[in-house]
Amino acid sequence: MEGVLLLNKPAGMTSHDCVAKMRRLAKTKKVGHTGTLDPDVTGVLPICLGRATKIVEYLTASSKTYEAEVTIGFSTTTEDASGEVIERKSVNPQITQEEVEQVLLSMTGPIEQIPPMYSAVKVKGKKLYEYARAGIEVERPSRMITISELVLLSSVNNEDGLAKFRFRVTCSKGTYVRTLAVMIGERLGYPAHMSHLIRTKSGEFDIANCLTFEEIEAAIERGELQDSLLTIGEALKDLPKLIIHDTLTEKVRNGAVLELPSEFLEFEVGSPIAVYGEDGSCIAIYAKHPTKQHLMKPTKVLMNES
C-alpha cells in the first residue's frame, strides 16, 4: 500500500487522529499528513502512505483555499467557535454587503498578520498554545502573508445583534483564517470570530477528489483502496520533471550526483526536480548542487531497495 490519499477530513478529529486511523485501516505504520487542520475544520487533508511518506515536505502546498463563516459581534480566546467569549459588542447599525465587500477588497494582496495565541507558532522554543494554556500572554512576531482571493459567498445575515456571512479565501502558506476573520471584524468596527471553516483546496488537490472515511472503509472492503491513491509521480506532477534512461537508474538508487541538464541551469540552489524512470515512475527528488553549478544531487531516493 503506497501513494497519496486525498482525505476529506471530518470535524472532531485532529490531523494526528486521522493519521492514526489510517494506520489501522491500511495496516501500515508508514503514514503521514501534509498539513495540520484544527479539529473543528473539515476538508482537504492529503495523507501519504508507504514510500510516499518520503515526499510529505513537497506536498505542503504554498497556496490553499478555504470557505469560512465569520460571526461579527463577539470574539473568543481561540478566535473560533470553540473558545470562551472575551468581548461582545452588538452590531448596530446593520452591516451591509457593500461594507463587507469593501473590507474584503482592502485585505487582498500582501498583508501583515499576527498569529493567534492558540497556535503552534514557536516563541522562545515554546509553542504559543503552551503559553496560552498556562495563561501567559507573550509578544507574537507578525508575519507577511499573501491573500490572492477574498470574496463574499453569501448575503450578510444581521440578527440578534450579530452579523454572519461566508467568504472564500485563497492564501499563502502560514495564513491563519480564524485570525483573518478577526481582522475582518476589526475593520468593520466589531469583535469577531470564525464560526465555520472548510479547506476546499490544497495546492492542486481539490475537495471534489477527496474521500471520506466511510468511502475509504468501503474501498478497503472491496480490496480497491490502492486504486484510490495517487501515485508518487501523480502527487508530484507540479514539480519540474526529468526523465532519465534506465542505464542511470542504478546510479540514482545509490545516490549518485548527476550532470545538471541545461534547462535547469537557471534554477535556484536547492530547488527540487522530480526524476522519473522510463516506465513513468518517480524514482528520486534531486536538487541543484550548492557548490557545483553544473551538477545536481539527490535529496530523496524513492526507489525500492534492490
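Student: Which exposed residues are carried by the face of α2 turned away from its buried side?

Tutor: That face of α2 carries Gln102 and Leu105, where exposed means over 50% relative accessible area, buried means under 20%, and partly exposed lies in between (1.4 Å probe, protein chains only). The model is predicted, so local features need pLDDT of at least 70 and side-chain atom pairs count only at pLDDT 80 or more, whereas totals for chains, interfaces and linings use all residues. Residues are numbered from 1 along each chain as its sequence is written, and side-chain values use heavy atoms, with hydrogens and water left out.

Student: What puts the buried residues of α2 on the same side of the helix?

Tutor: The buried residues of α2, a helix running over residues 97–106, are Val100, Val103 and Leu104. They cover an arc of only 100 degrees around the axis, which puts them on the same side of α2; the arc is that of the directions from the helix axis to the C-beta atoms. An α-helix has 3.6 residues a turn, so residues three or four places apart point the same way. The cover over the buried residues of α2 includes β10 (143–152), β12 (162–172) and α4 (177–188), with helices (H or I, at least four residues) and strands (E, at least two) taken as DSSP runs numbered from the N terminus.

Student: How do you know that the buried residues of α5 line one face of the helix?

Tutor: In α5, which spans residues 213–221, Phe213, Ile216 and Ala219 are buried. Viewed down the axis of α5, these residues fall within an arc of 120 degrees, so they line one face. Glu214 and Glu221 are exposed on the face turned away from that buried side, while the elements covering the buried residues include β1 (3–9), α1 (15–26) and α6 (225–228). Just after α5, Gly223 has a positive phi of about 70 degrees.

Student: Why is α1 called roughly parallel to α5?

Tutor: The axes of α1 and α5 come within 11 Å and cross at roughly 15 degrees, an angle that makes the two helices roughly parallel, because angles under 35 degrees count as such, over 145 as roughly antiparallel, 65 to 115 as roughly perpendicular and the rest as oblique. Where they meet, Cys18, Lys21, Met22 and Leu25 of α1 are in contact with Phe213, Ile216, Glu217 and Ile220 of α5, contact meaning heavy atoms within 4.5 Å.

Student: Why does Leu45 count as buried?

Tutor: Leu45, which lies in strand β3 (residues 42–49), has 0% relative accessibility and therefore counts as buried. Not counting residues up to four places away in sequence, Leu45 touches several residues, including Leu5, Leu7, Cys18, His33 and Arg199. The C-alpha atoms of Leu45 and Leu211 are separated by 9.9 Å, although the two residues are 166 residues apart along the chain.

Student: How far from the backbone nitrogen of Thr146 is the side chain of Ser172, and what makes such a pair a polar contact?

Tutor: The side chain of Ser172, a residue of strand β12, reaches the backbone nitrogen of Thr146 at 2.9 Å. A polar contact is a pair of N or O atoms within 3.5 Å; within protein, one must be able to donate a hydrogen and the other to accept it, and residues adjacent in sequence count only if both atoms are side-chain atoms. Leaving aside neighbours within four places in sequence, Ser172 is in contact with Ser62, Ile145 and Thr146.

Conventions
Axes are lines fitted to C-alpha atoms, for helices over the stretch in contact, and angles run from 0 to 180 degrees between N-to-C directions.
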